[in-house]
Amino acid sequence: MTDPSGRRWVDEDDVMLLDALHVNPRASFEQLGAALGVSAVTAGRRWRRLAEAGQAWVSSAPGPRMPLVGALFEAECAPGRVAGAAAALAALPQVFSVHLVSGTRDLYALVAAGDSRTLSGLVLDRMPAVPGLIRVRTSVTTEVFSGRHWRLGAISAAQAGAVRAQEPEDQEQAPDRVPDRFDRELFLALQDDGRAAYRTLAERLGKSEQAVKRRMSALLRSGQLTFRTDFVRPQGGWPVQVALWLQVPDEQLELVGRQLGEWPQTRVCLAVVGKANLFVTLQLHGLHALDGVLRRMRGSWPQVRIAEREVVLRSVKSWGRMLDEDGYATSVIPVDIWAPV
């Protein structure tokens with residue numbers, strides 16, 4: 001099966017491979033093949049075809065203990081200026097996602113920076129100055145409840161266990177550390193290809209393979225590095241994305257955020273400072289599925305109010321990947337939270 005532009009769509013075996021890579025983005029082809037009942041060669045061939053076509057990719061992401069600050073940036077644009085404004089925002093390395101939406105705003109962007117001063121410079125000076133914006137609003141993120149680990153539900157629990165990476169036993173005891181130049185360079189190299197071999201990374205960074213392996217292990221162990229798998233979501237059966245702005249009683253915010261973050265439809269769930277204090281994006285099989293999710297939400301937390309809801313019409317950038325109109329990755333602008341403003 002092909003899409004309107006003639007590109008081959010993913011099939012059921014591809015979806016199983018992608019689901020396994022959601023469990024462990026750096027699983028070896030031997031692990032993947034054994035779990036899925038195919039050879040390592042077949043698993044590798046399938047992955048390379050998906051990656052080369054821009055249908056799937058793996059990249060580095062900040063772990064839960066990476067020191068950073070974030071924000072949700074929303075904007076209304078002058079008529080005819082939305083595409084240009086979105087492209088300009090997407091070019092900023094700290095802007096990791098940009099989406100065009102229906103409703104009262106034209107777009108929203110998710111931003112991350114290494115410190116509050118850099119974040120302030122971005123959302124107060126750099127981003128509002130983008131040509132074409134006529135009104136902006138910023139909500140600072142206070143906590144991230146989800147967004148890294150997402151499943152397609154295509155493989156069994158036993159298959160997932162066969163590829164799952166072993167959690168570092170001493171993660172909680174690892175001391176806090178400020179990322180140094182080596183950490184940053186490794187993180188950015190893994191933005192391009194989160195499955196890159198140690199040898200490839202060593203050649204790019206001018207380090208030994210052992211040094212790269214030790215440093216990656218240290219970052220994983222300290223909770224400052226993780227990995228995420230992404231793909232052309234409509235081809236996996238999830239063509240619709242909806243953004244919700246929720247008003248949650250303060251005393252329930254953490255509970256609601258953590259529980260909602262575990263729902264299979266939830267892609268992003270952020271606590272923010274603003275009139276709406278919880279921002280959520282849902283990935284759905286169709287727009288008709290939204291009613292069921294909202295009914296479940298109201299039944300679970302009657303005091304939560306849905307302040308705004310909008311449909312994502314087009315994703316321009318998703319965690320550093322520039323996307324075309326069909327959601328295929330066309331290029332990479334590495335997410336660099338340490339870049340100067």
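Predicted model: local features only at pLDDT ≥ 70, side-chain atom pairs only at ≥ 80, totals over all residues.
Of its 22 lining residues, Pro 234, Gln 241, Gln 283, Ser 315 and Gly 327 sit closest to the centre. The top contributor is β10, with five residues.

Now for the helices. Here are two packed pairs:

| Helix pair | Angle between axes | Axis distance |
|---|---|---|
| α2 (29–36) and α3 (40–52) | roughly 105 degrees | within 7 Å |
| α7 (181–192) and α9 (209–221) | about 90 degrees | 11 Å |

Take α2 and α3, whose axes cross at roughly 105 degrees. Angles of 65 to 115 degrees count as roughly perpendicular, so α2 is roughly perpendicular to α3. On the α2 side, the contact uses Phe 29, Glu 30, Leu 32 and Gly 33, while α3 brings Ala 40, Ala 43, Gly 44, Trp 47 and Arg 48. By class, that comes to five nonpolar, two polar and two charged residues.

What about α7 and α9? With an angle of about 90 degrees, these helices are therefore roughly perpendicular to each other as well. Phe 182, Asp 183, Leu 186 and Leu 190 of α7 meet Ala 211, Val 212, Arg 215, Met 216 and Leu 219 of α9. This contact has seven nonpolar residues and two charged ones, with no polar residues.

Note on methods
Residues numbered from 1 in each chain as written. Heavy atoms only, no water. 1 Å grid on protein atoms, 1.4 Å probe; cavity = no way out; pocket = protein on both sides within 12 Å on 5 of 7 lines; lining within 4 Å. Helix = DSSP H or I, 4+ residues; strand = E, 2+ residues; numbered from the N terminus. Axes fitted to C-alpha atoms, helices over the stretch in contact; angles between N-to-C directions. Parallel < 35°, antiparallel > 145°, perpendicular 65-115°, else oblique. Contact = heavy atoms within 4.5 Å. Nonpolar A, V, L, I, M, F, W, Y, C, P; charged D, E, K, R; others polar.
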